[in-house]
Amino acid sequence: MKIGVSSYSFSKYMTETKCGYLAICDIAKEIGFEGIEFINLRNEKWGENDDEFEIAARIRKHCDEIGLEIIAYTVG
């Protein structure tokens with residue numbers, strides 16, 4: 001079994017610090033999580049300029065580089 005976290009758990013932190021998805025991936029890895037899941041990648045909310053597919057591709061590449069598994073991507 002792997003222990004993961006939802007990106008939603010970081011939503012307040014992201015709002016307060018204006019950090020992006022890659023930063024929360026780094027934080028999740030530092031804390032010791034083995035995976036992360038995402039709910040509706042919202043580019044307008046977090047200041048990303050790319051569309052959802054481009055954001056997802058960047059997140060995937062980054063997670064591969066840092067060894068953090070993407071557990072799920074949930075959409076409404």
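Predicted model: local features only at pLDDT ≥ 70, side-chain atom pairs only at ≥ 80, totals over all residues.

Is Met1 buried or exposed?

Analyst: Residues are numbered from 1 along each chain as its sequence is written, and side-chain values use heavy atoms, leaving out hydrogens and water.

Met1 counts as exposed because its relative accessibility is 94% (exposed is over 50%, buried under 20%, partly exposed in between; 1.4 Å probe, protein chains only). Met1 sits in the segment before strand 1 (4-6). Strands (E, at least two residues) and helices (H or I, at least four) are DSSP runs, numbered from the N terminus.

Three strands form an open sheet in the order 1-2-3, with parallel pairing (two strands pair if DSSP finds at least two bridges between them). Strand 1 and strand 3 (69-74) are the edges; each has a single partner strand, so one side of each lacks a neighbour in the sheet. Five bridges join strand 2 to strand 3. Glu37 has Ala72 of strand 3 as its bridge partner.

Next, the core. The largest nonpolar core has 15 residues; Tyr21, Ile24, Cys25, Ile36, Phe38 and Ile59 touch the most other members. Such a core is a set of buried Ala, Val, Leu, Ile, Met, Phe, Trp, Tyr and Cys residues joined through side-chain atoms within 4.5 Å. Helix 2 (21-31), strand 2 (35-39) and helix 4 (52-66) each supply at least two of its residues. Helix 2 gives the largest share, four residues.
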